[in-house]
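Please open the structure in your viewer and keep the selection tool at hand.

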Amino acid sequence: MDATKQSQAQPLQLEESSKMNENHLRITCRVFNIVYSVAQRCRPLSDVESNIELHIKNGLDLGIGLHSRETAVKIVDFIAKEMKTKLFTKIIEKNLKICLIIDEAPMIACKPVVILFIKVEDSVFSPTIFLELVELEKQDAETICSSVMESLNNVGLTKNYLEKNLIGFCSDGASVMLGRKSGVSTRIAKEFPNIIIWHCLNHRLPLVLDDSIKEIKEVNHFKIFIDKIYTIFHCSYKNQIELSEISDQLEIEMINIGTVLGTRWAACSLRLTLAVWHAYPALHHYFCSNEKYLGMAARLENIYFITDLALMIDILNEISLLSNALKASKIDIIRAEKLVIRSITAFQMLIKKKGIYEKKVDELITSETFKNIKFVENHQFVGLPRERLLENIVTNLQKRLMDCEHLKGSCSQFHDRSKLQFLNFLEPDYWNVKEVLVPWKAAEEQLLVFNDIFHYQIDINDYRDFVRNILKNSQNYAIPGSVQKAKNIVRTIAVSSAEAENVFSRMNIICSEMTNCLTVSNVSNTITISQIGLPLGEWDPTPTVKKWLRINHTDAAWIASEDANQEVI
């Protein structure tokens, strides 16, 4: 009789245990969803407690555990780790080519930090994936290099994998990164000799104008004057208030952006010069009303200054267009060259013909808005030599075309190459079709270079089919498999580290006064969820929660259900 009762009780206990497990899983998933949502919006994790309190008040069962901020931090770390494990396992299984992108980040908790991204080979476009914020003990090249290699190894990208699949390195122009003797790039090139090292084009573009002006070897009165305006208003709160009365936009640009030209983004310099352009009469009135600044007013009355201002706006507008285009997530090395060539053409046209703002100068001087400004030709402060400046810009932009000069000291494959022209054989836009025959021996010789550098062999027959298809119909042609994969590999080479700017913005949100107790690792994991996590509606927390519960089964309800299972067994 007792045996019969015991046998009848076993299914009931299993059913109760199963319901308890399902209920606990459901509750934990709800908590994980709340934490995930907060992290994805880069909100302080203390918001989790108030969100949970609100949901409980609205009648949602969220259990009695996992409600604290400290637990939320652990959950974020756990989710981020699972996401990266899943993502990089797929990358390794598919044996995909990768490009490493590094940028220096602001300090977190008084610790120097670098940002790591990985650009991954893909059939559609090569995505740039946030890898990690790496905390450094020192900011020297040796420490950065060893820390980066350790970080890559932690996600499964071992040295053996990198030797076959790491094809590129991109960073800003800081000497610690691209120094030829002992920079990070030089150290990485010693480990991986065929790697393509690239100076971020978005960081190089502002230097185009700066270098072009320096080459003129004449005093740049325009830059001196703009910097002087910044100094006047940046160092005095009283002057800032007076400036805001003149123009709110000018105050914002002066205070937030600072000096013009130099290494700053082209768009920043453009916004500042446009602000001066729009507030020109108001600035002149302000300087005229203050005896200390009569010299500044005289500069504004100089016809050469307003002419230079118009020229600089036209130049910065074109450079800014190029810079913004290069920030696009789908940009690749071939597309980047086409964009630079397009800008070169625009500047060559500007040499022959005045730009939009230059054309406005004569009309503006005689307008009602400028009637109180008596313009004169002050030969003490002559204008910039227009034609020579534009020619220098064209020359310096041409140096950026597939430029590998900075590679020659570290990469043996480029000793006799100043440019990456061997990539053009994959792009019909660069071909002179009239001279192309099948087989195209000159191009097939370049396949050997491609094979050596990227550790990938393009099938000769596939390439001949590719060329034949283009000669038959250049508008609509099929691309054989091995050629398409080669094109995908080329797209993986990063030409810009602009993705880091987005992470800087998220870091500023996360590293607020309310979250200053977070470690570099905590901040990194929050950014991981924010950057590479699925939208909340598409994310399924169940697999992650099940793994969490297996590792952290300390909840009373969970222990009770496990005990019930053991009794039944």
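Begin by selecting residues 303-326, which form helix H15, together with residues 356-365, which form helix H17. In this predicted model, the axes of H15 and H17 lie 7 Å apart and the two helices pack at an angle of about 150 degrees. Angles over 145 degrees count as roughly antiparallel, and H15 and H17 are therefore roughly antiparallel to each other. The crossing in which H15 passes H17 is right-handed.

Now display the side chains where these helices meet. On the H15 side, select Ile303, Ile306, Thr307, Ala310, Leu311, Ile313 and Asp314. Their partners in H17 are Ile356, Tyr357, Glu358, Val361, Leu364 and Ile365. Sorted by class, the contact of H15 with H17 comprises ten nonpolar residues, one polar residue and two charged residues.

**The nonpolar cores**

Which residues have the most contacts inside the largest nonpolar core? Select Phe287, Ile306, Ile315, Phe450, Phe454, Ile458 and Tyr463, which hold that position in a core of 88 residues. Helix H15 gives the most to this core, contributing 13 residues. In soluble globular proteins, nonpolar side chains tend to be buried together.

Next, centre the view on tyrosine 463. With its neighbours within four places in sequence left aside, tyrosine 463 is in contact with Phe425, Trp431, Trp440, Ala443, Glu444, Leu447, Ile458 and Val483.

Select helix H4, residues 141-154, and helix H7, residues 184-191. The axes of H4 and H7 come within 9 Å and cross at roughly 50 degrees; H4 and H7 are therefore oblique to each other. H4 passes H7 in a right-handed crossing. At the contact, Ala141, Glu142, Ile144, Cys145 and Met149 in H4 meet Val184, Arg187 and Ile188 in H7. This contact of H4 with H7 has six nonpolar and two charged residues, and no polar ones.

Move to helix H8, residues 201-216, and helix H18, residues 386-399. Are H8 and H18 parallel, antiparallel, perpendicular or oblique to each other? Their axes are 9 Å apart and the packing angle is about 135 degrees, and H8 and H18 are therefore oblique to each other. The crossing of H8 and H18 is right-handed. Residues to show in H8 include Arg204, Leu205, Val208 and Leu209, and those in H18 include Arg388, Leu389, Asn392 and Ile393. By class, the contact of H8 with H18 has eight nonpolar, three polar and five charged residues.

Select phenylalanine 125, which is placed in the loop between strand S2 (111-120) and strand S3 (128-135). Because its relative accessibility is 29%, phenylalanine 125 counts as partly exposed. Beyond its neighbours within four places in sequence, phenylalanine 125 is in contact with Ser329, Lys330 and Arg491.

Then select arginine 342, found in helix H16 (residues 333-352). Is arginine 342 buried or exposed? Residues over 50% relative accessible area count as exposed, and arginine 342, at 51%, is therefore exposed. Arginine 342 and leucine 322 are 20 residues apart in sequence and 8.8 Å apart in space, C-alpha to C-alpha.

- Asparagine 95, in the loop between helix H3 (69-93) and strand S1 (98-108), has a phi near 55 degrees, a positive value in a residue other than glycine. Asparagine 95 is partly exposed, with a relative accessible area of 43%.
- Histidine 455, in the loop between H19 and helix H20 (460-472), also has a positive phi, near 55 degrees. With a relative accessible area of 44%, histidine 455 is partly exposed.
- Proline 439 lies in the loop between H18 and helix H19 (441-454). The peptide bond leading from valine 438 to proline 439 is cis, with omega near 0 degrees.

**The whole chain**

Finally, return to a view of the entire protein. How many helices and strands does the secondary structure hold? There are 25 helices and five strands. Of the 569 residues, 50% count as buried. Among contacts between residues at least 6 apart in sequence, 73% join residues at least 24 apart.

Technical notes. Residues are numbered from 1 along each chain as its sequence is written. This is a predicted model: local features need pLDDT of at least 70, side-chain atom pairs count only at pLDDT 80 or more; totals for chains, interfaces and linings use all residues. Side-chain values use heavy atoms; hydrogens and water are left out. Axes are lines fitted to C-alpha atoms, for helices over the stretch in contact, and angles run from 0 to 180 degrees between N-to-C directions. Helices (H or I, at least four residues) and strands (E, at least two) are DSSP runs, numbered from the N terminus. Angles under 35 degrees count as roughly parallel, over 145 as roughly antiparallel, 65 to 115 as roughly perpendicular and the rest as oblique. A crossing is left-handed if the near helix is turned anticlockwise from the far one by less than a right angle, and right-handed if clockwise. Contact means heavy atoms within 4.5 Å. Ala, Val, Leu, Ile, Met, Phe, Trp, Tyr, Cys and Pro count as nonpolar, Asp, Glu, Lys and Arg as charged, and the others, Gly among them, as polar. Buried means under 20% relative accessible area, exposed over 50%, partly exposed in between (1.4 Å probe, protein chains only). A nonpolar core is a set of buried Ala, Val, Leu, Ile, Met, Phe, Trp, Tyr and Cys residues joined through side-chain atoms within 4.5 Å.
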